[in-house]
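The points follow in numbered order after the display.

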Amino acid sequence: MSTTEPVLTIRALNVDYGTGDEAVRALRDVDLTLHRGEVLGLAGESGSGKSTLAYAVTRLLQPPGVITGGDVHYHRRDGSALDLLALSPAGLRAFRWQELSIVFQGAMNSLNPVHTVRSQLTDVLRAHRPEMKRAERTARAQELLQLVGISADRLHAYPHQLSGGMRQRVMIAMALALDPEIVVMDEPTTALDVVMQRQILRRLVALREELGFSVVFITHDISLLVEFSDRIAIMYGGRIVEEAAAQEIYRDPRHPYSEGLLRSFPALHGPRRELTGIAGSPPHLAAMPAGCAFHPRCGRALDACATRVPELAPPDGAEGRTVACWLHRPAPVPAARP
Ligand code: SF4
């Protein structure tokens, strides 16, 4: 069950790819809070910055990616906070898996084909819980498989003996092995069919209720997020452009880009609606438009949109949600384009 207590806070996070004149801006002024027990969805097209955000927060960003500013703090249950951007390599090793684990895109293909599921699950336990006896590790591996809906007798199977959905569940079991507080899932079910995707996500949400961890769930498929997230943050051009409760985004999206995303995916539930997509393509990081990065594709752009970046703020005094769009800023409203 989600709470209002923060478990991860991200403030004014900036990431560049490259340095000096060659640098391109991948993330700009990202502010985001993950609450304990919540599923926070991150949506946006390819290149919007959502995976870069996950890699930066988990300190897995590879060169030429550089964090150029901002703060990321992990908040423990005892009230203390850990500055993730200041962690030493040893501190990071202890933090990952124990406090935060990650399931990457196509993770099911990263299982080692020549080792059994048992050996790969118990490896994580051996590395991080050296005090556990062999029998305890095996019992925990069985328990983890059952948690994700796989019979314990598949412990001795090799990856090629499992379906894609089962391999992905094994990766989720591995991510839960040390009872982390946060699980980051980067397009975890993209390679699976729509029925299997939903089965896995339903199981994950049920486990979240049972075990109390928080989830950052990244996908370009906003209809999945609406179904499985508590809150959704929409990214475009390296910035968060809207953030609200999942149902509010679904019922009443305020940013024209959020509206376009919702019109790009069929919803499995509710009334049918026409799929119209979004005209044009996402901007290249090296040629980001001035002002609101969405203005070349926005059918409602105003004059100010081409020159001034709208700040992320509550729309027209509404509470509990934010949007970065000139249509929702109080007066003076920039003049409409002729
Ligand atoms: Fe469209 Fe302007 Fe809003 Fe950007 S700020 S989404 S261009 S109306």
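1. Strands β4 and β5 (residues 81-83) pair in the antiparallel sense over 3 bridges, and within this pairing histidine 75 stands opposite alanine 81 of β5. The two strands form a hairpin with 5 residues between them, and glycine 79 in the turn has a positive phi of about 95 degrees. Two strands count as paired if DSSP finds at least two bridges between them; helices (H or I, at least four residues) and strands (E, at least two) are DSSP runs, numbered from the N terminus.

2. The model is predicted: local features need pLDDT of at least 70, side-chain atom pairs count only at pLDDT 80 or more, and totals for chains, interfaces and linings use all residues. Residues are numbered from 1 along each chain as its sequence is written, and side-chain values use heavy atoms, with hydrogens and water left out.

3. Strand β4 (residues 65-75) also pairs with strand β1 (residues 6-17), in the antiparallel sense and over 8 bridges. Here aspartate 16 stands opposite valine 66 of β4.

4. Helix α4 (residues 134-147) has 14 residues, which at 1.5 Å a residue should span 20 Å; its end C-alpha atoms are 20 Å apart, so the two values agree. The expected span is 1.5 Å times one less than the number of residues. Buried residues of α4 (under 20% relative accessible area; exposed is over 50%, partly exposed in between; 1.4 Å probe, protein chains only) include Arg137, Ala141 and Leu144. Among the elements covering the buried residues of α4 are α3 (117-128), α5 (164-175) and α6 (194-211). Just after α4, glycine 149 takes a positive phi of about 85 degrees.

5. A search of the whole structure finds 5 aromatic pairs. Rings of Phe, Tyr and Trp (its six-membered ring) pair if their centres lie within 6.5 Å; planes under 30 degrees apart count as stacked, over 60 as edge-to-face and the rest as tilted. Tyrosine 55 and phenylalanine 104 form a tilted pair, 5.6 Å centre to centre with 35 degrees between the planes. Tyrosine 55 counts as partly exposed because its relative accessibility is 28%.

6. Tyrosine 236 and phenylalanine 294 form an edge-to-face pair, at 5.1 Å centre to centre and 80 degrees between the planes. Tyrosine 236 is buried, as is phenylalanine 294. Ring pairs join Tyr236, Tyr257 and Phe294 in a cluster.

Terms used: Contact = heavy atoms within 4.5 Å.
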